[in-house]
Amino acid sequence: MKLKSFDVIVIGAGVAGAAVAREMTKYALSVAVLEKNAEVACEVTKGTHAIVHAGLSVNPLTPLKNRGELMGAAMMGQLCADLDVKYQRIGKLLVAFDETQVAQLKALMQSAKRLGLMDIELIEDRSRLLEMEPNLNPDVIAALHTPNTGIVSPWGLVYGLLENAQDNGASVFVECAVTGIRWDAEAQRFLLDTRQGPFSAKYVVNAAGPFSDKVAAMVGDTSFQISLTRQEKVIFDKNYQGAVRHVVRMLNNMGAPGDFICPTVYGDLMAGVEVKPTDDFDACHTTQPGIEEHVLRSSARLIPTIPASAVIRPFSGVLNQCAGTGEFVIRSAPQLPRFLNFVLGGSGLTACYAMAQYLSLEVFPTVADAADLKTRGDFNPCRKDMPHVHDLEPEELAELIARDPRYGHVICRCETVTEGEIVEAIRRGARSVDGVKFRTRAGMGRCQGGFCGPRVIAILSRELQIPPEAVTKKGPGSYMVTALRDDHSVKGEAEHV
Amino acid sequence: MSKIITHETDLAIIGGGPAGLGAAIRAKASGVKNVLLIERSEELGGVLPQCIHNGFGLHYFKESLTGPAYTYKMLQDAQRAGVDFMTKTMAIRVDGENRITALNRDRLLEIRPKATILCMGCRERSFGALRIPGTRPAGIYTAGTAQRLINIEGKMPGKRVVILGSGDIGMIMARRLTLEGAKVLAVVEIMPFIGGLIRNEVQCLRDFHIPVYVSHTIKEVRGTDRIEKIVVTRVDQNRQYIPGTEIEFDADTLLISAGLIPENELSRMAGISMNAITGGPVVDNLWQTSTPGFFAGGNVVHVHDLADYASESAGMAAANAARYIDGDRSQDLDIEVAAGANIRYVVPNRISKLQETVSFYMRVTWPLADATVRIGDIYEKHFQFARPSEQIRIDLPTKELAHVHGQLIVSCEGERAV
Ligand SMILES: Cc1cc2nc3c(=O)[nH]c(=O)nc-3n(C[C@H](O)[C@H](O)[C@H](O)COP(=O)(O)OP(=O)(O)OC[C@H]3O[C@@H](n4cnc5c(N)ncnc54)[C@H](O)[C@@H]3O)c2cc1C
Ligand SMILES: Cc1cc2nc3c(=O)[nH]c(=O)nc-3n(C[C@H](O)[C@H](O)[C@H](O)COP(=O)(O)OP(=O)(O)OC[C@H]3O[C@@H](n4cnc5c(N)ncnc54)[C@H](O)[C@@H]3O)c2cc1C
């Protein structure tokens, strides 16, 4: 296969890789993102709590992470406005049930203020707490309020960052796992072996998340190791929209922020979290004790009015952190200054943009040729999301249907997603049922794809011009349907959806 | 100029399944001039077009029909009666003033009827709502989705199948999958008894030698991309796993047949009071909801065993909606109907007007032998068996009700049969 050459290659299309790719397009450089999966944003980033932390990270051993949180939270609103990504600044209540916990909250507040988080308040007036959060457990006696805490769509952010990077000239390759990297000292370039043939680049950014230690090891960098935790959570039905207004969180037995319940930007609620160490990244499962005895008990302790029967889905995410302190690793590989590790961890979603700028503006200039630091004059920071019928005002919707009738054909009835949106999602890169689901929400609602599932398969089959048997949930191996026995075959619906 | 089209009509019916069609036909027969039926799918009939087995129509048409044939017959009646249809049109919003926002490929509509009958049917309980531990790979479907895949799309959901829940759709699909060459490894039911009709247990499971595991549930789903294994375990009376009883199945597919949930998002938007047990609107014996001008019928109110009964109950709603549209809003009674011992729910929840008969629909909480159903102290009926899977219907002549005040408790007494 022909060698594809770029100035900068970013490995990994999670929120870290997406943020870096966009920052790097601000330079006059050619940029490519290589992602091993069929869909972007499908590893760690898919499983996050989606909270934009305000900056309560106060560990002196993690200065980059502390800075990433504080600055990231401050920058997220503008970024999401530019990229047309769902974000709400709803604030957090970190609650105390007894005096010991109140003392812990006070200590947290002192340290956070010392690190620069001024917008923080300890509320001990219970009637005020109940006014702010009417369904809060009345046993709560105080709460630390950080108004700057927000919620965001994590995959929405990745789509926004990548589409904007593409608008500014970047290329994205999926199903393109990097399997080996060599430094050609003579040519002063990296050679990358991938599932789609060889690539070459002058600079490589390793944003492979949970696999970043393995990618670093490809160039002999063993300076950090990744450790993983599996985190179990649940999503509650939208009927409870409005029942929780803030991120409501309790302290764990070490006096640090622990279990929580919060709204998502899509109007449902999320609660967690059972945390267990794991060494298997694919261990994305839930357990009975984790969900029933831990997550649902904690959520009922915070907000007693939401019953377990309102759960529409339990799920888990696997978080990568650098073993040891959990500090971010944003630095060159030893002896290979142009191989840049960009490894986040807890709070990585919050910090991705601030840290991508740290990499592009503070680290990259120390390793790059001066000629490569020229910025482009025509960088466009804005991107427009695809239409979401669910969010439109009636007049806007009528207008849209008049332009494209497919926006009047509802496919997912729980989330009101139309054929027009699904076709547009595929045009923007969705290749699988999950790709459509995360981009449009088709199948994410209370019936979990029971109704729209077969219809989404049919549309993917039609638009991608592949047989329904080749449509997958999330890439190779995850096929959705198989053929009927030959003698039983009836005409499919694909032609007339 | 606004692109939103306003459409006025006498009666709007939301949903074109057996209930919606039954309502439309009866509304016309009761003299309503303009009847508009809105259906989001391309075809009418609700879930029936995918139910290619027979057994429909025994009550309504006095013959055994397949789902598509039942639909066809109703559709002919409705067309002859002059019902206006709008298919591929989804009602997305309803307010308490009887204004319906609906959407189709041509336009966004605001429909303004004098009365509305809600006939949105139900959806299946999803895998997620069951909170089953394990992974969530490809290969997990509800039984109804699998039915659509095979019977409409001509595709198989998979080849080695475990079915969780022994509802009717699950049992019918066990047979269907077997006929199509798949291997049904197990039907797993957490209760100590089968959830669906005995007829289906015999004709769909026993006749095909499909293994049934009652008092069992799924403990874990394994697989990253596609399902690889399903671990089943026995449970005790409190539904707790019994350690050491695990059975592993090498399955690639899991079907869920664990109950139906009435589809009432629109009803909630109209401010209609809901019944926590049925999941449907609280209705009186006129099938009237708590919001004036809104009636409901079929599975949207409570899950019926048979499509015939859905058509029939929605027909009653339509006859009363016709009176309402004519301006007859009289109510002469106010009796609350409540579920008593061994009764999970009873519909209607209120009796507000004396009509010739009042039909009570109910389900028991547990299989009972030698069962006696009592309606207050005015009526009782004996059954050899009463099972949760079989809805009980009792038609009570209203003269019996003349002396009842306040509350009427419906209860059942019998011996626990399991
Ligand atoms: C349960 C949970 C809760 C969290 N909650 C929050 C929160 O509330 N707030 C917050 O700020 N942060 C939170 N985080 C942290 C945050 O989500 C992560 O830090 C962030 O998403 C990590 O993004 P990433 O791009 O580094 O990793 P990923 O999203 O995993 O992206 C890495 C990508 O690299 C690809 N890749 C790997 N190897 C290769 C290869 N060889 N070739 C090509 N591609 C490769 C992967 O397929 C993947 O797509 C949470 C994380 C978890 C798991
Ligand atoms: C998968 C499945 C299989 C079944 N198999 C059998 C069987 O074998 N035998 C049997 O007797 N019963 C069966 N039943 C039960 C049977 O469906 C009911 O008895 C009967 O269909 C209920 O009729 P309905 O009209 O109330 O609901 P449905 O048949 O569900 O019809 C509701 C209709 O409303 C439409 N609708 C809903 N919301 C909107 C909206 N917002 N805008 C526009 N349209 C809307 C839907 O598209 C649907 O067409 C089955 C049910 C299911 C779910």
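**Reading the ligand site and interfaces of a predicted model**

A backbone N or O atom of Gly14(A) lies 3.4 Å from an oxygen atom of ligand 1.

Visitor: On what basis are such values given?

Guide: This is a predicted model, in which local features need pLDDT of at least 70 and side-chain atom pairs count only at pLDDT 80 or more, while totals for chains, interfaces and linings use all residues. Residues are numbered from 1 along each chain as its sequence is written, chains are lettered from A and ligands numbered from 1 in the order in which they are written, and side-chain values use heavy atoms, without hydrogens and water.

Visitor: Which backbone atoms lie by a nitrogen atom of ligand 1?

Guide: A polar contact is a pair of N or O atoms within 3.5 Å; within protein, one must be able to donate a hydrogen and the other to accept it, and residues adjacent in sequence count only if both atoms are side-chain atoms. A polar backbone atom of His49(A) is 3.1 Å from a nitrogen atom of ligand 1, and for a polar backbone atom of Ile51(A) the distance to a ligand nitrogen is 2.6 Å. The protein covers 98% of the 990 Å² of accessible area (Shrake-Rupley method, 1.4 Å probe) that ligand 1 has on its own.

Visitor: How is the size of an interface read, and what area is buried between chain A and chain B?

Guide: The size of an interface is often given as the accessible area lost when the parts come together. Buried area here is the accessible area (1.4 Å probe) that two parts lose on being put together, summed over both. Between chain A and chain B, about 5,000 Å² is buried, and carbon and sulfur atoms give 52% of that area. In terms of contact (heavy atoms within 4.5 Å), 65 residues of chain A meet 51 residues of chain B.

Visitor: How many salt bridges are found across the interface of chain A and chain B?

Guide: A salt bridge is a side-chain nitrogen of Lys or Arg within 4 Å of a carboxyl oxygen of Asp or Glu. The rule finds six across this interface; Arg413(A) and Glu263(B) form a salt bridge at 3.6 Å, N to O. There are also 18 residue pairs in polar contact, both residues at pLDDT 80 or more.

Visitor: What area is buried between domain 1 and domain 2 of chain B?

Guide: Domain bounds come from an automatic or database domain assignment; domain 1 of chain B spans 1-125 + 259-329 and domain 2 spans 145-255. These two domains bury about 890 Å² between them. Gln50(B), Ile52(B) and His53(B) supply 53% of the area that domain 1 buries against domain 2, more than any other three residues. Zero salt bridges are found across this domain interface.
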